[in-house]
Amino acid sequence: MGLRVENLRVYYRTLRGYVRALEGATFSVADGEIMGLAGESGCGKTTLGHSLIYLKPPMTYIEGRVFLDGREVPIWDMKRMNEFRFRRISIIPQYAMNALNPTRKIGRMIAELLAAHNVDFNEILPELKRRLDLVQLSHDVLNMYPIELSGGMRQRVVMVISTLLNPSLLIADEITSALDVSTQKAVCEMIVEFRNRGFVRSTIFITHDISILYQIADTIAVMYAGQMAEKAPTEVILRSPRHPYTRMLIASLPRVGARYRQERLHGIPGAPPRLLDPPPGCRFRDRCPVAFERCQETPPFVEVEPGHFIACWREI
Amino acid sequence: MRAGIRHEFLYFALRNAKLRVGLSILLLFIVAALIGPLFARYDPNAYVGPPAHPPSPEYWFGTTTFGQDVYSQFAHGLRSTFVVGLIGGGIGTLLGILIGLVAGYRGGLLDEILNMFTNIVLILPTLAVLIIIAAYLTVRGILVESIFIGCTAWPWAARAIRAQTFSLRAREFVDLARMSGRSSLKIMLTEIAPNMMSYLFMTFILQFGGAILNAATLDFIGLGPTQGMSLGLMMNNAVLWAALQLGMWWWLIPPGAAITAIVGALYVMNVGLDEVFNPKLREL
Amino acid sequence: MGRYLGRKLLIYLLTFFFAVTIDWLIPRLMPGNPVDTMIARMALRADVAEVLRSYYIRAFQLDLPLWQQYLNFWIALFRGDLGVSTWLFPQPVIAVIYRAVPYDLLLLLPAILLSWIAGNQVGAMAARVRWLDNTILPLGYILTATPYMWLALLLAWALGHVAGLFPIAGAYSFNIRPHLSWLFIQDLLWHWFLPFTSLFLVMFGGWAIGMRNMIIYELEADYSRYLEALGAPQRLIRKYAFRNAMLPQITGLALQLGAIVAGALATEIVFAYPGTGYLILQAVQNQDYFLLQGCFLFIITGVLLANFIIDIIYALVDPRTRLGMTGE
Ligand SMILES: Nc1ncnc2c1ncn2[C@@H]1O[C@H](COP(=O)(O)OP(=O)(O)OP(=O)(O)O)[C@@H](O)[C@H]1O
Ligand code: SF4
Ligand SMILES: [Mg+2]
């Protein structure tokens, strides 16, 4: 059944007013689908990922609904969400390398976390060990402190922990950004392997490195300044993107397989609007070469072909 | 961009309650220290009135066991408190900046040595050292006291600034400056120090408060200025001449209350400034 | 861990060496001959002054070459010879200090430990209870800004003089001789209460604020956010945060010792409590320089020793240090 998000609107409350970081996102992720979520830095990827599991102030829920496997997920309720967290929705955070308590042995920490979810550590231990093998970690790590491991090892530990209870939805946030190319590849393969073995069903893989998505994602969603711009199967996005922003984004890639490090897109003049008081209508308007009057209104996110969604007045 | 940032700080600074409260109290006492002595009708050490007299229209804060005017002592003591804070805190901050910057920027052996030295002075109980120094000084003034206090108080600042410098040193703009062949001194003063301005300012505030407390304790032990008046000395005299046993609250309470208010205001201001400079801490 | 403690020990030894050198150097650095200055200030009868002068010259060994003076200073130190008190002539300084030590410990140990424990608990609570935060935080800032002696004076005046609940001077009533009995212990505690409370309160404020800020920082740390995202209960997250916030508080204890000791000295003076602080006041008033230098060395040694003990505890509590993963 997968994940279904409808018109999700999440802002940050600040002293200066609301930062409109996520403005009406609508999309689905099917069972077994790995959806890549791409876009420039600050476009709201992390906001979207976090709001599905961990919507904590200053993040503020405005409106929208989320369904997982047909059941509504009460993302606005920090308490009720505990029932979903870890068991059904899980996350590998952007800061995975520092995500473990430095003064607790890893095994003990896992046991305490599991106990809080009424899972017996000893019962799950054989499976835990199998998964450690899978990510090529020695069983000894359970008896170590995080500081005794390298950053990469810590990240793999976090990957195993996060998926230990076979969640329906896994959010992986920029897990490859801090890694060198060969490690990146290994991590991506693990994510695919987790899906193939059924450890996780749907995955949202957040990155601003589109070339990585080419290797692992089934579909790609592109965000711009807090709004969904386009979502389509990977091949389609890479070969024949239709949203003006996506087109420029793909065109500015040196070639498929190379990665771009720059935070800003060089190919597109101008900068994204401030999300504190963004202009009404399509937020790409100022930089869009084909903008016209209609763009003063916010374009809807419509399915132009099966599985291909676009928010652009020119394309619908 | 820089002007924008400065504007932003001002915007939050004016809206920060802690900063406003702290600053108001501090200003109140600064004004009191500046103009208070002008209203004092007597020499702080002269025997001018009836002994142990409670506050009255004639003697606003009462008189001591010997008939000295407590208000005059208080007003002059307040002045020396600010002098000690300013000079002692200033020297402490300057030494801290100097040692912290050099150690953090140069690194290597020099850093090892300076760091070792910092650790040694940090562990030494400051007051014990001050006691030994003060005891052997025949004539002690507020100025000398401040200088010694500043010279023993810098390690805190040096450690913090060293750590900051370390992290700044690795940043791009410092690399650029270094490649352009500018001297280390210039880079430290023009590239690194300005980027820690808020931090340095907060360090100064803490050193200011620390110097005041240190001076108060030193004076209270009887190693305060041999000439002049200070709030700590007032408390020292009050205890020595049985103000406690005689219940002369007007002599016991004002000096310490002023110190508490000033130092407390400084600390609260510091927390406020931290919130202003550090967006993460800004309360909603 | 061995390396860590070794490094610390080296710093302490250097510090001790440095302190002893200061202690030796300062009287000799001051303008004029220290003996003449001292004698002149004492305003004694001429014959007494002569006796004292010859004693001082011998004690300071001013007739020997400097290096020899310095060497002899160290030798005397290791023999436990800190000179003779002139105030309590002819008692050796070490004996005078020795008598004061129990009172220092009686006051300092409980005040430090209890305020540290209570401050940490209350600070941790304040981090999650709004009303507690709004009351404890301002109170804490006022308390840490209070000079120790002033709070002592305030308590002595209010609870001692005005309310008459507690005695305001001495460690026990002067009509009781120290001995082991209920009566004496009761009397001792009764005298102990006010100095203890004033020390406790000032320190408590500092620890509570420190803990509150540290724990808020820890609750924002990545590992806390990860646990929260995985639906761990607040209880577990706070437990971790508290344990981790404890570590800097232990370091803080070591770094604060100097200031705490200074506060204790001042408090003892207010209550005429017969510890080292009171000795220092007497030494200053009676121009007893040997006693003063002895107190100085005693304080330094005590603080360094306490620092080292805290370091050992820290190394035992913190796995990073235990495993030798941190430099400092
Ligand atoms: N705590 C916050 N308070 C206010 N605004 C925030 C906060 N966190 C994020 N934002 C704003 O929300 C927008 C989206 O941020 P988000 O972290 O989701 O971006 P992102 O796409 O994940 O970027 P990156 O690739 O850099 O991780 C940004 O414009 C950012 O400035
Ligand atoms: S809606 Fe208009 S401004 Fe936005 S991308 Fe399409 S054409 Fe450009
Ligand atoms: Mg992000």
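Here are some questions and answers about this predicted model.

Student: What share of the residues in chain C is buried?
Tutor: A residue counts as buried when its relative accessible area is under 20%. Chain C has 328 residues, and its C-alpha atoms fill a box of roughly 85 × 55 × 40 Å along the principal axes. Of those 328 residues, the buried share is 52%.

Student: Now the neighbours. How much area do chain B and chain C bury between them?
Tutor: Here 50 residues of chain B are in contact with 53 residues of chain C. Carbon and sulfur atoms carry 80% of the buried area, and the total for the two chains is about 4,600 Å².

Student: Which three residues of chain B supply more of that buried area than any other three?
Tutor: Together they supply 17% of the area that chain B buries against chain C. These residues are B:Ile123, B:Tyr136 and B:Leu244.

Student: How many salt bridges cross the interface of chain B and chain C?
Tutor: To count, a side-chain nitrogen of Lys or Arg must lie within 4 Å of a carboxyl oxygen of Asp or Glu. Over all chains, that rule gives 32 salt bridges. Across the interface of chain B and chain C, the number is zero.

Student: How many salt bridges are there between chain A and chain C?
Tutor: This contact takes 29 residues from chain A and 23 residues from chain C. The two chains bury about 2,400 Å² between them, with 62% of it on carbon and sulfur atoms. The salt bridge count between chain A and chain C is two.

Student: Which residue of chain C forms a salt bridge with A:Glu112?
Tutor: A:Glu112 is buried, because its relative accessible area is 15%. Inside its own chain, A:Glu112 forms a salt bridge with A:Arg108, with the closest N and O atoms 3.9 Å apart. Across to chain C, A:Glu112 meets a side chain at 3.4 Å, N to O, and that partner is C:Lys239.

Student: Why are A:Glu112 and A:Arg108 separated by about one helical turn?
Tutor: Look at where both residues sit: helix 2 (residues 106-116) of chain A. They are about one helical turn apart because their spacing in that helix is four residues.

Student: Is A:Arg239 buried or exposed?
Tutor: A:Arg239 makes a salt bridge with A:Glu235 (3.4 Å, N to O). A:Arg239 has a relative accessible area of 54%, and exposed means over 50%, so A:Arg239 is exposed.

Student: How far apart are the end C-alpha atoms of helix 5 of chain A?
Tutor: Helix 5 of chain A covers residues 181-196, which makes 16 residues. At 1.5 Å a residue, those 16 residues should span 22 Å. The distance in the model agrees with this, at 23 Å.

Student: Which residue with a positive phi follows helix 5 of chain A?
Tutor: Within the helix, the buried residues include A:Val187, A:Ile191 and A:Phe194. After helix 5 comes a residue whose phi is near 80°, and that residue is A:Gly198.

Student: One last one: where is B:Leu23?
Tutor: B:Leu23 belongs to a nonpolar patch on the surface, together with residues including B:Leu27 and B:Trp60. B:Leu23 counts as partly exposed because its relative accessibility is 37%. Its place in chain B is helix 2 (residues 17-39).

How values were computed:
Residues are numbered from 1 along each chain as its sequence is written. Chains are lettered from A and ligands numbered from 1 in the order in which they are written. This is a predicted model: local features need pLDDT of at least 70, side-chain atom pairs count only at pLDDT 80 or more; totals for chains, interfaces and linings use all residues. Side-chain values use heavy atoms; hydrogens and water are left out. Patches are made of residues with over 30% relative accessible area and no salt bridge: like charges are joined within 9 Å, nonpolar side chains (Val, Leu, Ile, Met, Phe, Trp, Tyr) within 5 Å. Accessible areas come from the Shrake-Rupley method with a 1.4 Å probe; for residues, only the protein chains shown count as cover. Helices (H or I, at least four residues) and strands (E, at least two) are DSSP runs, numbered from the N terminus. Buried means under 20% relative accessible area, exposed over 50%, partly exposed in between (1.4 Å probe, protein chains only). The expected span of a helix is 1.5 Å times one less than its number of residues. Contact means heavy atoms within 4.5 Å. Buried area is the accessible area (1.4 Å probe) that two parts lose on being put together, summed over both.
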